[in-house]
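Subject: Structure handover

Hello,

Here is the structure I promised to pass on. Please open it before you read my notes below.

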Amino acid sequence: MAGQFADVLQFLWGVSHQQSVGADRCPLGFTVFLGRQDQGGSNPNEQSRTISRIVCHPDYSGSTNDNDICLLQLSSAVTFTDYIAPVCLAADGSTFNSGIINWVTGWGTTSPSPESADILQEVDLPIVGNRECDCSYGRITNNMICAGLSAGGKDSCQGDSGGPLVVKQGPQWVQSGVVSFGQGCALPKFPGVYARVSEYQAWINGIITTNQPGFVDFRSGGINSDHNHVSILSFSFYRILHLTNRGDISHLTIIIPYPLLSLNGYSHSSSTHLSSGVQLICMNQSVQKRMYQS
């Protein structure tokens with residue numbers, strides 16, 4: 001469990017994603033570094049282990065990045081220190097409401113340039129609900145979780161793939177996601193997309209049958225504002241008007257891909273016909289994978 005230290009780490013597994021290791025990649029030649037901060041300088045608190053086994057989810061989809069998760073088995077146990085400790089994993093049924101702050105870390109690019117960071121970076125990001133996120137991407141599944149700012153400016157990026165998205169609950173850090181893909185980096189209305197760890201508890205425990213990792217139930221308080229978002233990818237504009245002008249709907253955001261709206265013969269100005277409190281946003285759906293860079 002996070003925050004508790006022992007002499008030897010019995011948990012010999014790590015969580016990554018499929019794009020970085022490949023679905024059937026031989027583990028020979030892969031090394032995991034723990035306690036590292038500086039990619040180019042001295043790391044006195046660092047330990048390293050080779051990987052003896054890689055297990056990737058059998059239902060991974062390269063076209064949608066669904067089930068973008070792998071388990072890495074280390075060659076030997078790791079000693080806990082003040083700089084190296086495990087993180088709890090979000091248990092099945094955990095809830096992450098929109099706006100809950102999570103943290104992501106990595107050495108990925110920090111600007112449009114292809115150069116990666118030398119010093120480990122961290123950024124705090126609010127959770128974006130799956131409905132709202134799906135309005136931008138059109139392919140978000142229950143196995144994914146999104147995080148980012150509506151205005152953009154902060155995000156994980158190329159080279160961060162496979163890294164952890166974590167949230168703090170009391171004294172414990174809980175891993176909610178694994179960096180997967182996104183449209184560019186830190187663009188407005190396009191949050192980063194992560195594999196949702198809580199959806200894989202049964203799969204993980206089915207592979208790690210002894211010394212299993214600690215799963216923690218994370219529950220967000222309050223009302224999830226994501227329930228106010230509707231993703232409409234196949235409705236005609238007339239059906240949208242019928243839906244939004246009903247008297248029992250007063251606050252609703254509908255985000256529809258711009259090409260779909262254009263095909264129906266309407267432009268952005270058509271949003272003026274919507275009832276008070278209803279916002280129609282037209283967006284493109286061009287999506288790029290957040291590929292791993294070695």
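A term first: two strands count as paired if DSSP finds at least two bridges between them. Keep in mind that this is a predicted model.

**Strand β10**

I started with β10, residues 172-181.

- β5 and β10 run parallel and are joined by two bridges. Look at C88 here: its bridge partner in β10 is V174.
- β9 and β10 run antiparallel, with six bridges between them. P164 stands opposite V178 of β10. These two strands make a hairpin, and two residues lie between them. G170 sits in that turn and has a positive phi of about 65 degrees.
- β11 covers residues 192-196 and runs antiparallel to β10. Four bridges join β10 and β11. In this pair, F181 faces V193 of β11 as its opposite residue.

**The nonpolar cores**

In soluble globular proteins, nonpolar side chains tend to be buried together. The largest nonpolar core in this model holds 16 residues. Which residues have the most contacts inside it? They are F96, V104, L165 and Y194.

Several strands give two or more residues to this core: β5 (88-90), β7 (121-128), β8 (144-147), β9 (164-169) and β10 (172-181). The largest share comes from β7, which gives three residues.

**Confidence**

The chain averages a pLDDT of 77. Of the residues, 67% score at least 70.

Where is confidence highest, and where is it lowest? The highest is in β8, at 98. The lowest is in helix α5 (residues 258-263), at a mean of 40.

One is residues 1-11. Beyond near neighbours in sequence, residues 1-11 have 32 contacts in the model. The other is residues 232-294. That stretch has 134 contacts in the model, again beyond near neighbours in sequence.

Best wishes

Note on methods: Residues numbered from 1 in each chain as written. Predicted model: local features only at pLDDT ≥ 70, side-chain atom pairs only at ≥ 80, totals over all residues. Heavy atoms only, no water. Core = buried A, V, L, I, M, F, W, Y, C linked by side-chain atoms within 4.5 Å. Buried < 20%, exposed > 50% of the residue type's maximum accessible area, 1.4 Å probe, protein only. pLDDT = per-residue confidence, 0-100. Contact = heavy atoms within 4.5 Å.
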